[in-house]
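This report looks at open space, aromatic ring pairs and charges over rings. Please keep the sequence and the 3D structure in view while reading.

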Amino acid sequence: KFCMKGIVMEICRLSTRAQKKKFLSFRSALYRGDAGYVCTDKFVLTDVLFARTEFARDCRVLPLQVREGEKVLTQAMLLQHPALPYLQLSFFDALPNSAGAVQLLVQCAREAAHDWGARGIVAGLNGHLSYGVGILSEGFEKISFDSLYNKNYYKEYFAGYPKDTLSTYRAPLSQAIGNFPQWDVAKIRIRTSNFRTFCAETERMRTLCEKTIAKTHLYFSTKPLHFYQLLKDMKPFLRSENLLFAEDEQGRDVGFLFWHPDFNCLLDAGREYSVAAIAARRFLYAKRMDTVKVNALGTLSNAATFALIDAFRRYVQGKYTFVETNFVWDNNIRSSLLMKKILGAPHRKYEVYYLQ
């Protein structure tokens with residue numbers, strides 16, 4: 001227990017299943033009624049919290065809450081994966097006006113980083129880039145599927161720390177298509193996925209990630225089945241064209257594009273849904289999905305990039321009103337310039353902090 005400015009606070013380690021459920025309960029209560037929050041990101045959080053994937057089981061995870069009596073002030077998971085030298089302050093949430101509690105949480109992270117032999121601490125990475133990254137700093141409106149959302153005061157708790165920034169992009173689809181670059185793609189073959197072998201197709205995607213996205217900041221290699229375990233619950237919501245592969249003249253893989261509708265359009269903000277309820281709403285409210293999301297793109301050549309973009313155009317043109325991207329690191333100049341050329345200024349901004 002600690003006393004700060006007359007307030008007695010306690011750092012609580014959550015180890016039992018019942019205690020971990022309190023982690024979920026705090027988050028659910030915090031975002032209830034929030035017009036920007038959609039609950040779909042809770043599924044990844046739950047996978048990590050209860051070690052439901054091979055990736056999560058490879059991590060050292062310590063869920064923490066800082067409480068004043070029975071009142072939770074802030075919480076996070078301290079997480080370390082053997083392939084990344086940083087300790088991660090992941091899945092962070094806090095009440096407003098809780099700077100002292102956040103300081104205690106950071107101090108606990110520093111002690112754990114020392115004990116676990118970590119090189120430093122990164123706040124805002126939730127295990128792996130494919131699981132979620134960034135604390136939202138601009139663009140507080142209803143969040144899209146597979147993008148992170150948080151309260152608008154979180155960045156104040158990390159002010160003054162070194163940071164990197166990320167952006168997502170959004171534009172009317174017709175405008176974006178008008179800006180798509182032209183390229184000779186005759187030598188590139190695009191094929192859709194075979195969902196009868198979904199595991200093999202997601203493994204093909206993972207292998208391409210290792211070849212194309214491996215140099216992305218804070219990315220690290222994953223084991224087989226990583227993307228299958230991450231995406232298998234999405235399979236009923238996807239079609240074969242949502243995962244596209246580019247092949248060269250010799251039939252070798254040279255790129256992939258993963259895209260899908262913004263499923264959050266189906267859901268009301270600020271409330272919880274089960275997977276079954278989300279599936280039911282897709283059947284009832286499919287026309288609400290006016291936005292298409294470019295989730296991940298990895299290629300070995302410009303020709304593959306533009307061939308995939310052109311194939312994407314053919315599948316979505318006339319079917320959606322808006323297009324949105326997943327995150328792009330602002331220090332990735334090449335990708336950022338391409339996004340700005342096609343989609344314009346960033347739509348949302350995120351930050352990742354280094355708590356050395």
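## The second largest pocket

A pocket is an open set of grid points with protein on both sides within 12 Å along at least five of seven lines, and its lining residues are those with an atom within 4 Å of a point. The model examined here is predicted, and its second largest pocket has a volume of about 320 Å³.

The lining of this second largest pocket consists of 14 residues, and those that lie nearest its centre are R239, P261, M289, K319 and Y320. Sorted by class, the lining comprises seven nonpolar residues, six charged residues and one polar residue.

## Aromatic pairs

A pair of aromatic rings is described by the distance of the centres and the angle of the planes. The count for this model comes to 19 aromatic pairs. The rings of Y153 and Y157 have centres 6.0 Å apart and planes at 85°, and because an angle over 60 degrees counts as edge-to-face, this pair is edge-to-face.

Both partners fall under the 20% limit that defines a buried residue: Y153 is buried at 13% relative accessibility, and Y157 is buried with a relative accessible area of 14%. Y153 and Y157 also belong to a cluster, in which ring pairs link them with F92, Y154, F158 and Y353.

## Charges over rings

Two arginines are placed over phenylalanine rings, as follows. R170 lies over the face of F322, at 4.5 Å from the ring centre, while the charged end of R204 sits over the ring of F245, 4.5 Å from the centre of that ring.

Terms used: Residues are numbered from 1 along each chain as its sequence is written. This is a predicted model: local features need pLDDT of at least 70, side-chain atom pairs count only at pLDDT 80 or more; totals for chains, interfaces and linings use all residues. Side-chain values use heavy atoms; hydrogens and water are left out. Rings of Phe, Tyr and Trp (its six-membered ring) pair if their centres lie within 6.5 Å; planes under 30 degrees apart count as stacked, over 60 as edge-to-face and the rest as tilted. Buried means under 20% relative accessible area, exposed over 50%, partly exposed in between (1.4 Å probe, protein chains only). A charge sits over a ring if NZ of Lys or CZ of Arg is within 6 Å of the ring centre and within 35 degrees of the ring normal. On a 1 Å grid over the protein atoms alone, a cavity is a set of points where a 1.4 Å probe fits but cannot get out, and a pocket is an open set with protein on both sides within 12 Å along at least five of seven lines; lining residues have an atom within 4 Å of a point. Grid points are joined across faces, edges and corners, and a volume is the space filled by probe spheres set on the points. Ala, Val, Leu, Ile, Met, Phe, Trp, Tyr, Cys and Pro count as nonpolar, Asp, Glu, Lys and Arg as charged, and the others, Gly among them, as polar.
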